[in-house]
Amino acid sequence: MSTSQDRIIIFDTTLRDGEQSPGASMDVHEKVLVAKQLEMLGVDKIEAGFPISSPGDFDAVQAIAGEITKSSVVGLCRAKDEDIKAAWEAVKDARKPCIHTFIATSDIHLKYQLRMSREEVLKAVEHSVGLCSSLCNDVEFSAMDATRSDWDYLADVYTVAIEAGAKTINVPDTVGYTNPQEFYNLITHLRNKVRGIEKAVISVHCHNDLGMAVANSVSAVMAGARQIECTINGIGERAGNTSLEEVVMIFNVRKDLYGVVPAIDTTLLYPTSRLVSHITGIPVQPNKAVVGANAFAHESGIHQDGYLKERSTYEIMTPETVGFGMSRLVLGKHSGKHALSKRLEALGYHLDEKDVRKVFKRFKEIADKKKEIFDEDIEAIVLEEIYRVPAKYELKNIVVSSGTAVVPTATVQLAVDNKVIQEAGFGNGPVDALYKTIIRMSGFDAELKSFSIKAITGGTDAQGEVTIELEDKGKTAVGQGSDPDILVACAKALVNAMNRMEFLKGRKAMKTPSL
Ligand code: KIV
Ligand code: ZN
C-alpha cells in the first residue's frame with residue numbers, strides 16, 4: 001500500500017463533531033485545555049468548532065487559534081458567505097489556519113433539505129471554495145453524505161472543489177452507512193475520476209452508526225486516503241465518529257501491514273482519553289479498545305498463564321505504549337513532591353510548578369484517608385484540581401445523616417457567584433436528600449436522568465467516581481465528580497452538571513445552522 005504521500009494526517013474533530021454528542025458541551029476554557037492536550041498528543045489538525053453556530057463557539061475557535069502553534073486550527077463553515085467569513089475571522093490569527101467548508105451532495109439531501117439541484121450545488125461549491133481560497137491557503141472541502149451520493153456526480157463535485165482551490169477533499173460517511181469494501185471502491189473511483197486529485201489530500205470522516213467507522217477509515221487508507229478525521233474516545237453525533245486512539249494503534253501495531261504511521265505520541269492516548277471523558281462527562285465503556293479499563297486485563301486462567309510466561313502470548317501492544325498505568329508503583333502519605341511530580345510526568349501530565357503544588361496539597365489530604373495512592377487516584381486528583389473550571393456554583397460543605405433509624409437529611413453550603421448560602425433538606429436516602437437540597441438551592445427545575453458510581457481503584461477506601469446526567473427544560477448536561485467520600489463525589493458531580501447547564505443556558509445559538 002503506497003501512494004505519493006506515505007504519511008497519515010490525523011485531523012481531530014473532538015471539539016466540533018465530538019461536541020455534538022448528546023449532553024457534551026465544553027466552555028471556552030475547557031476547549032482550550034483539550035486543544036493543548038491534542039497538540040501535545042501530536043495531532044496534525046484540530047477542528048476547533050463551527051464559528052457561526054454560536055458566539056461561544058466563535059470565541060473558543062479564536063482562543064484556540066491564539067494558543068496553538070504546532071497543529072493547524074480548523075474552523076467549520078457551511079458553503080455560505082457569512083459562515084465562511086465567520087470561520088476565517090475565528091482562525092485567521094492561528095499559526096496554521098484552515099477553513100473547512102461543506103455542502104451535501106446526495107440526492108436525498110438535495111431534494112429534502114437543501115432544495116437545490118445538482119447544478120446549483122456545483123455552483124455553490126465553486127463559489128464557496130473560491131471564497132475560502134481567497135482568504136486562506138489551507139482549504140478543505142467536504143461533500144456531506146458522500147457515501148449516499150451518485151459516484152460520478154461526486155467526482156464532478158470534487159473536481160470543481162480542487163479547481164477552486166481545495167487542498168483537501170473530505171469524503172464523509174455522514175450517516176455511517178457504508179462498509180469497508182464499498183468505501184475502498186468509492187475512494188478508488190474518486191482517485192480515478194476526479195481531475196487534479198494528485199494535487200489534493202483525500203480525507204475521510206466516518207460515523208459509527210453500524211459500528212464500522214474505524215474499519216471504514218482504515219479501508220479508505222488502503223485505497224489511498226491520507227487523512228483520517230476522528231475524535232478522542234470516538235465521541236460525536238449519534239453513535240459517534242472514528243476513534244482516534246483505535247486508528248492510531250491500528251497503524252502502529254500493524255506497521256508491517258500498512259507501512260504508514262501517524263505522528264502521534266501514543267503514550268499520551270490514555271491521559272487524553274481520560275481528560276476528554278472528564279471534561280465532557282461521557283464515560284468510556286470498560287471494554288473499549290485501547291483505552292477502556294479492561295483493555296489490558298487478562299481474566300481467563302489460560303490467558304493469565306500464557307501472559308505470565310511471555311507477555312506477547314496474549315498482548316499485541318503493551319499498556320505502557322498507550323500510557324495506561326505507566327507504573328504499578330504505589331505512592332503513600334510519606335511520598336514527597338518530587339516523587340509525585342515524576343509520576344505525573346510518567347502519566348502524561350506536564351504541569352507547571354504551581355499546578356504540581358496544587359495537586360500535591362490534595363494528594364496529601366487524600367493520602368491521609370487512603371493508605372495507598374494509585375495512578376488512577378493521581379489522575380482523578382489532576383482532573384478535579386487542574387481541569388475543573390471556575391464557575392457559578394462551588395460546593396463548600398456538606399453534612400449528610402442517614403441510617404436505619406433516621407430520616408435522611410442533608411445540609412449543604414454552596415457558593416453561588418461567590419456568595420455562600422446554606423440550606424437543609426430531607427429525602428428517601430442520603431443521595432436523594434443531598435440532590436433535592438442542592439437542586440432547590442440552584443433554582444433549576446432539573447431532573448436527574450442518569451446516575452452511575454464506580455470505584456476508581458479496588459479496596460473499601462477507594463475513591464468513588466460519579467457521573468450524572470441532568471435535564472432542565474429539554475437541555476441535558478453531564479457532570480462528574482470524584483472523592484474518597486462517595487457522597488462528596490455525588491455532590492461534586494451534581495455541581496459540575498449545574499455549571500455546565502448554566503453554560504448551555506448562556507450559549508444561545510446566534511443562528512440555527514440549518515442548511
Ligand atoms: O458528518 C459529516 O458529514 C460532517 C461534515 C460537516 C464533515 O461532520
Ligand atoms: Zn460528522
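**Where domain 2 meets domain 3**

Reader: How many salt bridges does the rule find across the interface of domain 2 and domain 3?

Author: This is a predicted model, where local features need pLDDT of at least 70, side-chain atom pairs count only at pLDDT 80 or more, and totals for chains, interfaces and linings use all residues. Residues are numbered from 1 along each chain as its sequence is written, and side-chain values use heavy atoms, without hydrogens and water. A salt bridge here is a side-chain nitrogen of Lys or Arg within 4 Å of a carboxyl oxygen of Asp or Glu. Across this interface the rule finds two.

Reader: Which residue forms a salt bridge with Asp483?

Author: The closest N and O atoms of the pair are 2.7 Å apart. The partner of Asp483 is Arg362.

Reader: Which element gives the most to the side of domain 2 that touches domain 3?

Author: Elements are DSSP runs, numbered from the N terminus: helices (H or I) of at least four residues and strands (E) of at least two. Two or more residues come from each of α14 (353-369) and α15 (375-385). With four residues, the top giver is α15.

Reader: How many residues on that side of domain 2 are charged?

Author: Asp, Glu, Lys and Arg count as charged. The side has three nonpolar residues and no polar ones. The charged residues number seven.

Reader: What area do domain 2 and domain 3 bury between them?

Author: Buried area is the accessible area (1.4 Å probe) that two parts lose on being put together, summed over both. Carbon and sulfur atoms hold 50% of it. The area is about 870 Å².

Conventions
Chains are lettered from A and ligands numbered from 1 in the order in which they are written.
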